[in-house]
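Please examine the model displayed below before reading on.

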Amino acid sequence: MSQDPDDSSVRRRVTVTTVRRRSFAVVAPRQVSPSVRVPCRACGGEVDAVTPDAASEILRADAFRLERLIAAGLVHGIATASGAVWICLTSLFPEANP
Ligand SMILES: [Zn+2]
């Protein structure tokens, strides 16, 4: 049994399927404000905050992981009167805070 590795007969088909669509916030700044200033109790002052969606994007984590991080206190979630939650931007980058 001899198998000649005949490269010429081997056709490599590289199929690149782009199914992932990145949902970057490329919208006009006025349409959706990427961040707001909110008082973060954990930080003890006003911080920049982003939506949970944006935070997930920044963390490259899904919503479940983000929720767990908030529950663990690693990420600061700031609830508004309406029940909506903003994510403390400062808490996303712990290494930037001594
Ligand atoms: Zn905070």
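Which residue in strand 4 is the bridge partner of Gly77? The residue in question is Ile87. Before the surroundings of this pair are described, some conventions are needed. Residue numbers start from 1 along each chain as its sequence is written. The model is predicted, and local features need pLDDT of at least 70, side-chain atom pairs count only at pLDDT 80 or more, and totals for chains, interfaces and linings use all residues.

The protein contains 2 helices and 4 strands, where helices (H or I, at least four residues) and strands (E, at least two) are DSSP runs numbered from the N terminus. Read from the N terminus, the order of elements is β-β-α-α-β-β. The 4 strands build an open sheet in the order 1-2-4-3, with antiparallel pairing; two strands are said to pair if DSSP finds at least two bridges between them. Strand 1 and strand 3 (77-79) are the edge strands, each pairing on one side only. On average, neighbouring strands of this sheet are turned by 50° against each other, direction ignored; such angles are taken between N-to-C directions, running from 0 to 180 degrees, with axes as lines fitted to C-alpha atoms, for helices over the stretch in contact.

The sheet can be followed pair by pair. Strand 1 (residues 36-40) is joined to strand 2 by 5 bridges, and the two run antiparallel. Within this pair, Val38 stands opposite Val47 of strand 2. The two strands form a hairpin with 4 residues between them, and Gly44 in its turn has a positive phi of about 75°. Strand 2 (residues 45-50) is in turn connected to strand 4 by 2 bridges, again antiparallel, and Val50 has Ile87 as its bridge partner there. On the side of strand 3, strand 4 (residues 85-88) pairs in the antiparallel sense over 3 bridges, and Ala79 has Val85 as its bridge partner. Strand 3 and strand 4 also form a hairpin, with 5 residues between them, and the turn residue Gly83 has a positive phi of about 100°.

Attention now turns to the interior. A residue is buried if 20 or more other C-beta atoms, placed from the backbone, lie within 10 Å of its own, exposed if 12 or fewer, and partly exposed in between. Buried residues account for 15% of the 98 residues in the protein. The largest nonpolar core has 12 residues, including Cys40, Val47, Ala49, Val50, Ile87 and Cys88; a nonpolar core is a set of buried Ala, Val, Leu, Ile, Met, Phe, Trp, Tyr and Cys residues joined through C-beta atoms within 7 Å. At least two residues of this core come from each of strand 2 and strand 4. One of its members, Cys88, is in contact with Cys40, Ala42, Cys43, Val47, Ala49, His76 and Ile78, leaving aside neighbours within four places in sequence; contact requires C-beta atoms, placed from the backbone, within 7 Å. Of the contacts with a separation of 6 or more, 47% are between residues 24 or more positions apart.

Arg37, in strand 1, counts as exposed because it has 12 C-beta neighbours inside 10 Å. Beyond its neighbours within four places in sequence, Arg37 is in contact with Glu46 and Asp48. Arg60 is found in the loop between helix 1 (52-59) and helix 2, and it is exposed because 7 other C-beta atoms lie within 10 Å. Arg60 has a positive phi of about 55° although it is not a glycine. Most residues other than glycine have a negative phi. Phe93 lies in the segment after strand 4 and is exposed, with 10 other C-beta atoms within 10 Å.

Finally, confidence must be considered. The mean pLDDT (the predictor's confidence in each residue, from 0 to 100) of the protein is 80, and 63% of its residues reach 70 or more. Over residues 26-31 the pLDDT is below 50, and this stretch has 1 contact in the model beyond near neighbours in sequence. Where pLDDT is low, the predicted coordinates should not be read in detail.

Terms used: Two residues are in contact if their C-beta atoms, placed from the backbone, lie within 7 Å.
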